[in-house]
Amino acid sequence: MDIKKDIKSLSLSELKAEMELIGEKAFRAKQLYEWMHVKLARDYDEMTNISNNLKQKIKDKYEYTSLKKLMVQTSKIDGTKKYLFELSDGNLVESVWMKYHHGNSVCISSQVGCRMGCRFCASTLDGLERGLLPSEMLDQIYAISRDTGERVSNVVVMGTGEPLDNYDNLLKFIYMLTDENGLNISQRNITVSTCGIVENMKRLADEQLQITLALSLHGSTQEKRQELMPIARKYSINEVVDACRYYFEKTGRRITFEYSLVGGINDTDEDADNLCQLIGGLNCHINLIPVNPIKEREYVESEKKDIQNFKNKLEKKHINVTIRREMGRDIDGACGQLRRRIGGQK
Ligand code: SAH
């Protein structure tokens with residue numbers, strides 16, 4: 001038996017070619033694409049202007065990716081919603097919906113699990129299962145948009161998984177998400193966060209997109225970084241920062257550095273000084289994230305005064321810095337916590 005193609009991962013031009021292949025008119029592709037990527041249809045049956053005959057023909061040939069909402073937790077503190085979805089093969093992924101003054105933001109997962117091994121992160125504890133298809137990344141946004149009834153304006157790829165370890169699917173996802181025939185989200189409203197896979201950071205730079213690249217730094221020297229992030233043994237801190245400079249040169253987009261503050265590990269004056277030296281002269285913004293402790297590890301959050309002191313030190317050197325507002329602390333906000341908790345029960 002032929003493996004059915006995943007229709008929601010096809011670009012409009014690929015879909016046109018498919019329609020031709022099965023003897024249908026090209027305008028059908030436009031109709032189908034609109035049902036999937038603008039009207040966000042849950043299944044083929046919602047497509048009212050497609051005849052039953054054609055629906056059947058398409059059903060026989062193509063898989064329709066539609067994530068199943070298993071659970072939603074809504075934060076009582078800030079209204080953040082954490083979703084747990086089931087994929088067609090039974091795997092689970094989480095996504096988060098956040099309301100900000102400037103619009104609604106969705107944080108999506110790019111893989112089932114992760115193989116990067118960052119010490120403080122819950123997503124990586126069981127390793128990598130597989131990368132997500134473009135349709136599975138898109139449908140996290142579509143399903144949330146359907147559920148909330150609101151438009152999504154910003155997308156951050158900061159959930160479970162390493163997006164640059166699923167490069168081709170990620171790129172296709174970005175092109176489809178920003179396609180004027182689909183949701184048409186502005187490239188400037190998309191952020192991709194990476195632990196620093198250098199060759200793919202450069203490939204992404206060469207695409208010259210207007211998306212924001214966020215680099216998870218978490219340490220200001222090679223030694224400290226590799227204690228928290230095993231990937232740092234493969235790519236040195238200097239190579240990674242050089243790749244950020246390259247990204248900026250190619251795209252003109254300011255880099256975001258994420259720095260999770262771990263009490264007594266990377267939050268001292270010396271760490272702040274080293275950080276200023278490391279990124280000096282680079283057009284960037286630093287996001288300080290108080291580490292969200294997971295029960296499997298002994299790491300603790302930095303004290304409030306140390307966080308403030310760290311921020312002041314960077315500001316003195318005229319570095320743009322913000323402390324990330326903690327959203328959804330009461331709903332397993334940290335990457336991978338909900339999936340692990342529920343997945344373990346299944
Ligand atoms: N793999 C990508 C994206 C996923 S993680 C990356 O490494 O960037 C998104 C961000 O959350 C990363 O900066 C990651 O290091 C951070 N993070 C993961 N677990 C965390 C925790 N328990 N507390 C604080 N930050 C965490």
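**Labels and cut-offs**

Reply: Lys57 has 30% relative accessibility, so it counts as partly exposed. Keep in mind that this is a predicted model, where local features need pLDDT of at least 70 and side-chain atom pairs count only at pLDDT 80 or more, while totals for chains, interfaces and linings use all residues. Numbering starts from 1 along each chain as its sequence is written, and side-chain values use heavy atoms, with hydrogens and water left out.

Me: What makes Lys57 and Glu24 a salt bridge?

Reply: The term needs a side-chain nitrogen of Lys or Arg within 4 Å of a carboxyl oxygen of Asp or Glu. Here the closest N and O atoms are 2.8 Å apart, and the pair qualifies. Lys57 sits in helix α3 (residues 52-61) and Glu24 in the loop between α1 (12-21) and α2, so the bridge ties together parts 33 residues apart in sequence. Helices (H or I, at least four residues) and strands (E, at least two) are DSSP runs, numbered from the N terminus.

Me: How do you know that Lys295 is exposed?

Reply: Its relative accessible area is 78%, so Lys295 is exposed. Its salt-bridge partner is Glu296, with N to O at 3.3 Å. Glu296 has 29%, so that residue is only partly exposed. Elsewhere, salt bridges that share partners join Asp89, Arg130 and Glu136 into one network.

Me: What makes the Asp165 and Arg115 side chains a polar contact?

Reply: A polar contact is a pair of N or O atoms within 3.5 Å; within protein, one must be able to donate a hydrogen and the other to accept it, and residues adjacent in sequence count only if both atoms are side-chain atoms. The two side chains make theirs at 2.6 Å. Asp165 itself lies in the loop between β9 and α5.

Me: Which ligand distances involve Glu162, Ser216 and Asn292?

Reply: A ligand nitrogen is 3.0 Å from a side-chain N or O atom of Glu162. A polar side-chain atom of Ser216 is 2.6 Å from a ligand oxygen, and a polar backbone atom of Asn292 is 2.8 Å from a ligand nitrogen. The protein covers 93% of the 530 Å² of accessible area that the ligand has on its own (Shrake-Rupley method, 1.4 Å probe; for residues, only the protein chains shown count as cover).

Terms used:
Buried means under 20% relative accessible area, exposed over 50%, partly exposed in between (1.4 Å probe, protein chains only).
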